[in-house]
Amino acid sequence: MKRADRLLLLAFAFGNAILYSSLLPLWEGFDEPWHYGYVQSLAFTRRLPVLGKTRLSQEVWDSMLACPASHIVARVWPEIQTFDRYFALSPAARVQERQALEAIPRSEGMVESAHANYEIQQPPLAYMALTGPNLLLSLAPITIRVLWLRIFAAGVSVLITFFAAESLFRTLELPPFYQALGLYCIFACQMYWATIAHIGNDALALALSVW
């Protein structure tokens with residue numbers, strides 16, 4: 001492929017990574033609060049979590065109470081606000097709720113809640129990669145931290161996927177046009193972004209699977 005084609009495809013991919021990461025509501029990635037709790041636990045304790053013992057931070061739990069969530073999640077935790085209840089609020093009430101979300105004390109990230117983290121059985125590599133960015137953003141509101149961690153994870157996944165797929169297409173001796181078309185089809189796939197544009201181990205797992 002020409003250099004211009006490669007740069008254009010990468011720009012398309014990174015544009016999608018930023019777009020999907022930004023548009024996904026807070027905690028609406030698959031089990032995202034618990035995956036982020038894994039990152040937070042590694043960052044603060046600097047040791048691997050323990051199944052059945054490691055808990056979500058109070059900051060994560062309070063943020064879950066201060067933003068809307070799926071009715072499926074609310075079946076398990078009825079105190080969580082569903083999207084239909086959220087959209088029934090007045091605009092002023094929504095603004096107030098958002099302000100409360102961003103005002104949650106950062107210190108609560110080091111305080112355990114009463115809720116166990118059921119995702120800590122996952123392999124740690126993807127979460128270890130996110131601990132550095134999380135520490136750099138430790139003074140930012142949780143909304144900003146989650147957004148940038150999503151973008152970081154999706155960006156790493158895009159780079160691995162791009163170079164892995166490009167290598168495969170060269171090995172198969174595809175003409176440059178079909179190499180570009182194959183990469184475009186990957187990065188135009190909705191489920192690709194649904195999988196990688198949130199905090200979790202999916203972004204790294206999918207990229208390494210392609211590799």
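User: What relative accessibility does Arg106 have?
Analyst: This is a predicted model, where local features need pLDDT of at least 70 and side-chain atom pairs count only at pLDDT 80 or more, while totals for chains, interfaces and linings use all residues. Residues are numbered from 1 along each chain as its sequence is written, and side-chain values use heavy atoms, with hydrogens and water left out. Buried means under 20% relative accessible area, exposed over 50%, and partly exposed in between, using a 1.4 Å probe and protein chains only. Arg106 counts as partly exposed because its relative accessibility is 29%.

User: Where in the chain is Arg106 found?
Analyst: Elements here are DSSP runs numbered from the N terminus: helices are H or I with at least four residues, strands are E with at least two. On that scheme, Arg106 sits in the loop between α6 and β2 (112–116).

User: Which residues does Arg106 touch, not counting those up to four places away in sequence?
Analyst: Contact means heavy atoms within 4.5 Å. By that rule, Arg106 touches Glu59, Ser138, Leu139, Ala140, Pro141 and Arg145.

User: Glu59 belongs to α3, so which residues of that helix are buried?
Analyst: Helix α3 covers residues 58–65. The cover over its buried residues includes α2 (32–45), β1 (55–57), α6, β2 and α8. The buried ones are Glu59, Val60, Trp61, Ser63 and Met64.

User: Is Asn134 buried or exposed?
Analyst: Asn134 has its place in helix α7 (residues 125–136). Leaving aside neighbours within four places in sequence, Asn134 is in contact with Tyr36, Val39, Gln40, Ala43, Arg145 and Leu149. With a relative accessible area of 2%, Asn134 is buried.

User: What is the phi of Asp31?
Analyst: Most residues other than glycine have a negative phi. Asp31 is in the loop between α1 and α2, and Asp31 is partly exposed, at a relative accessible area of 33%. Although not a glycine, Asp31 has a positive phi of about 55 degrees.

User: And what about Glu173, what is its phi near?
Analyst: Glu173 lies in the loop between α8 and α9 (176–187). Glu173 counts as exposed because its relative accessibility is 70%. Its phi is positive in a residue other than glycine, near 60 degrees.

User: Which residues are closest to the centre of the largest pocket?
Analyst: On a 1 Å grid over the protein atoms alone, a pocket is an open set of points where a 1.4 Å probe fits, with protein on both sides within 12 Å along at least five of seven lines; lining residues have an atom within 4 Å of a point. The largest one has a volume of about 400 Å³, where volume is the space filled by probe spheres set on grid points joined across faces, edges and corners. Of the 21 residues that line the largest pocket, the closest to its centre are Leu24, Pro25, Leu26, Arg98 and Thr143.

User: Which element gives the most to the lining of that pocket?
Analyst: The elements that give two or more residues are α1 (3–23), α5 (83–87), α6 (91–102) and α8 (142–171). With five residues, the one that gives the most is α8.

User: Stepping back, how much of the chain is buried?
Analyst: The chain has 11 helices and two strands, and its C-alpha trace spans about 55 × 40 × 30 Å along the principal axes. Among contacts between residues at least 6 apart in sequence, 76% join residues at least 24 apart. Of the 211 residues in the chain, the buried share is 45%.
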